[in-house]
Amino acid sequence: MIKTEPYTINIGPQHPSAHGGLRAETIMDGEDVLDVIVHLGYVHRSVEKIAESRTYAQFVPYTSRLDYLASHLPTLGYVQAVEKLLGITVPERAEYIRVIVAELSRIASHLIFAGSLAIDLGATTGMIYCYRDRERILDMFEMSSGQRLIASYMRIGGVSHDLPDSFYPAVESFLKDLPAMVSEYHGLLSGNEILQARCQGVGVLSADEAIAYGVTGPNLRACGVAYDIRREDPYGIYDRFEFDIPVGGSGDSWDRYIVRIKEIEQSGRIIAQALRDMPTGDYQAKVPRIIKPQAGREVYHRIESSKGELGYHIVSNGTDKPHRVHVRAPSFVNLMALPLVSRGGKLQDIITNIATLDPVLGESDR
Amino acid sequence: METIFINIEEFLTSWMVGMGLAQPWADLIITILQWTIIVLIITVNTIVLVWMERKVSGFIQERIGPNRLGPFGAFQTIADTLKLLTKEDIVPARADKLIFKTAPMFFIIVSVMLYAVLPLGNNMAVVDLNVGLFYFISLASLSTICLLMAGWGSNNKWSLLGAMRSVAQMISYEIPLVFSLLGVVMIAGSLNLTDIVTAQNRVWFIILQPVAFIIYFIAATAELNRGPFDMPEAEQELTAGAYTEYTGMRWALFFLAEYTNLVAVSVLAATLFLGGGHGPWLPSWLWIIIKTYLIMLVFMWTKWTFPRIRMDHLLSFSWKVLIPVSLANILVTGAGIELFRWMGW
Amino acid sequence: MIGKGLLKGLGITFKHGKEKNITVQYPEVMPYLQERYRGCLEFDPKDCIVCGMCIKACPNNVLSLESAAMPGSKKKQLVSYTIDLQYCMFCNLCVEACPTNTLYFTHHFELSTAERGAIKRIYTPAPGTPVADGESEAVIIPPEALADQVDTEAEAKRLKQVQAMKGAISKGNSKVLAKFVDSEEDASLLLIILQGDEKKQDKMAALMIDDKDKARKVATAFVAKEKRDKAKSEEGKQ
C-alpha cells in the first residue's frame, strides 16, 4: 500500500505568477489543493503612517503608489475625501477631466488584468497585445500630467494641469479603436478553448460568500450582484453618465474575466459622454495654501476603483497634517477570498484564481 | 547535387581502402564521421532554431527580437551559449548528486541517438534499419526517464512536480503518437523509414492520412514538452519545473536536447507525411530541410499563440479524444486498404 | 466546433506577424516625450527669490537651501540650493509651488550615476547675478565676500561696545564692573586698578565684551593681586 501525505509548497513571494510580493502557502495533495494560506506584507511601505507626517496636499503623490496600475483612481479617492472634509466644490471642468482620466485608468488596469491573466496561463502574446494597447493610455497620461505610470495628476480642488490640445485627438482615436481591440482580445483569448477550459468553473465564488467576505468590484459583479459604487453612491459627477453594469452569473474565473472586458467597453462609453459634455472653465478651485481642517472632523469617502470599493477614512486633529488616514483597499479584501475559491482545485487553478482576483500588492500591503 | 553527400562518402571509403585500410576499419571511420556531422548539424541547428524562435515570437508580438549581434541578431545565440559556458555550475547541497549530474547527459544522448535512422535525403540515413520507426519511438519514450531523473535528483518540490507531470503526460501521449503512425505503416507496409518515403512516390501520406497527421502533430507537441503542452517546465506555475535547479551548461544541455528532439520529430513528420525528400527541382536533402523547417515554424506559431492547458484536461484529452480517434483512424485505414485491394487498385 | 477559437487565434497572431513593429530602439532612437514630460528636476539660480515655498511643498525633503541676509535690506539672497534627486518622487508639487518658475522639469531622463553622491545636485549662484526680486539693483555677492563683510560689521559693532566700556571705566562707573567681581568693594578696587593702568584698561574692556567668563577670572585675579600687594606693603610698613 502506497502511503501519501500532503506537502506544503510556497507560491511566492518570488514566483513568476505572484503579482509582486504575494506569498500563497499552499498545502497540496499531489496536484490537488487542500488549503491556501495567504501571507501579505512583502510590499509594505507604511503608507498610512507616512500620511500622518505629511500635509494633506503632500500626501497626494503617495496615494498614486497604492494601486500603481490605475494610478488616477486612488488619487481621485483621496482628493475627494479631503474635499469632503473641507467642503470644497470642484469646478465643473475639473470634474469632467477627472472622470476622463479615471475611466482611462480603469481601462488601463483592466488591460493589465487581461494581459497578466494571459501570461499566467502561458499565452505570452496575449499579454503583449494588451500592453501594447495600454501604452496608448499611458501616452495620454504623459500628455496630461507629464508622468506615465504614477501620474499624481489630481490636486485637492481640481487637477494639476488642464488637458492639452493633443489629448483630445489621442483619446478620440483610442475610443474609435477600442471595439477592434476588444474583438482582438475576444479572438485571441476569450475564444480560445484552452483558456475557456482553464477559466470556466474554476474558482467559483458564490454571491453570498462574496458578500460575506466583503469582496467588491468586478469580482463581486462576476457573482451576479450588480453593485457598483458609481451607481449606488455616486461620487463626483458620475450620476450624469449613462452606462451599464456588466454582471456575471456563476462567479467563476471566466465571469471575472468577461465582466472586466465588458467594463472596458462601458468605460469607453463614459469617456465619450464626458468628452461630449465637457464645459470650459477653471480646472482648479481656490484652495488655501495651508489646509487646516477643524479638529476632530472625520470623513469616509469611497469610490469604485478598478479593483473594487476603495475607501479613505481621514481624521483631522486641527493641524495641517491628518491625525490618521486609513485606506480600505479592495485588493486586500478580495485577496482574502483566494483560499476559499482555491480549495479543492488544482495547482494550476491557483494561478488562474490569483490572476482573476486581480490583486495589486502595492494596495493590499500599503 | 542530389547525391553529393553520398558521393563524398563513397569517395572517402574508396580512398581509405586504396590507402591500404581494411574495409571494416574504413566503415568504422565513416560511421564516426557521420556521427560527428550529425552532432554538428544538431548544434548548428539549435543555434539557428533558438534565433528563429525568438524572431518568430518577435514578429508575432510586433517586436523586433534579437537585433544587436551580427546581421539581424544572428549571433545572439552564440553569445548566449558562451555566457552559459562561463556560468557557475551549481549543484544543490541536498540533491542526489549522481542522478542530478547524469540526467542532462542521458537526455542529450537519447536525443542524438534518434538521428540514427532518420533519412536526411534519399539513401542518407546513418543506419537503414528495417524497424526504424519502432527504434525511433522506443528511444523517444526514454526521454521521460531523463526528465524524471532531473526532477527527482534536484530534490525540489517544483522539480518533482514537473517530473511527475512529464511522466504522466508522456506516457499518455505515447499511445496516440504510435497509433497515428500505425496508419502510415499499414499503407506503406513497412517499418523502414526509407521504404515509407519510397511508398510516397505518387501521393504524400498527409493526403491519405490527414487525421493521423493532426494527431501526430498534437501528440508530438506533448512529447516535446512544447507549448501549449509544456507541463514539465510550466514557468508560470512551477517556476521552471524539472529544470529549476539546473544552471549553466547542464541547463543548456536540456535546452539543446529539447531542440534536438524538435528537429527529430519534425524530420520524422516530414518523412512520414510530407513525402520525405520527394519534390521537384531541388535535391532531396534540401527538400527535407525545407519541410522540416516549415513544420517547426508551425510548432513555434502554436506555442506563441496558445495558453497552457491544464494537467487533468491534458490527460483526459489524450485518453478520451486522441486515443479513440486514432484507433478509429486505424480501423478506417484498414478497411480502406481492404476496399482498395478488393477493387483491384 | 471545438478548435475554431484556436484557429482564429492562430489567424490573429499570423496577421500581426506581418505588421510593423512597435518597438522603439531606445538608445539609438530616443523615445518621443510629451511636452509635459517630467524628467530631471532642474533649478535656475538666477530666478530664485528664496521664498522657500518649494521646500514646504516637497513631501520627501528633497530640496534644501542656504540663504544669507542681504546687506542693507530685509531680503535674503541665495548661497546654495540642493536637490537630492535620490529621494525625489517627481510629483510636480514643488514646481507648482514655485512662484517664479525657478524649478522646472527637463526632458532629460537618464539619471543613473556611478556614485551615490553624484545624484545630489548643488547649485550656487554666480557672483554678480542680479537678485531676482524685480526691483532692486542689488547683485548676488559671493559667499566669501559676504562673510568678510559680515566680519567687518561685527568688528565695528564690537569696537563701539569696547569704547563705551572704556568710557564707563574712565568715568569711574564701578557698576559695570560689579558683574565681574564678588563685591562692591572689589569693584571699586578694580576701578582704581584699571584707571591707573591704560594697558590693563584696554585689555579688560575688550575681554568684558568678548568673553565674560574670562573677564571675570582676570578681574578677580587683578583684585586678589592688588589685595596681596596692599597687605604686603602694609606688612612692610609695619
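So, salt bridges between chain B and chain C: the rule finds 1 across that interface, where a salt bridge is a side-chain nitrogen of Lys or Arg within 4 Å of a carboxyl oxygen of Asp or Glu. The partners are Arg68(B) and Glu28(C), with their closest N and O atoms 2.9 Å apart.

Before going on, a word on where this comes from: this is a predicted model, with local features needing pLDDT of at least 70 and side-chain atom pairs counting only at pLDDT 80 or more, while totals for chains, interfaces and linings use all residues. Residues are numbered from 1 along each chain as its sequence is written, chains are lettered from A and ligands numbered from 1 in the order in which they are written, and side-chain values use heavy atoms, leaving out hydrogens and water.

Okay, who takes part on the chain B side? Helix H2 (23–60) and helix H13 (284–303) of chain B are the elements that each give two or more residues to the side touching chain C; helices here are DSSP runs of H or I, at least four residues, numbered from the N terminus.

How many residues make the contact? Chain B brings 12 and chain C brings 14, with contact meaning heavy atoms within 4.5 Å. Together the two chains bury about 1200 Å², and 56% of that is on carbon and sulfur atoms. Buried area is the accessible area (1.4 Å probe) that two parts lose on being put together, summed over both.
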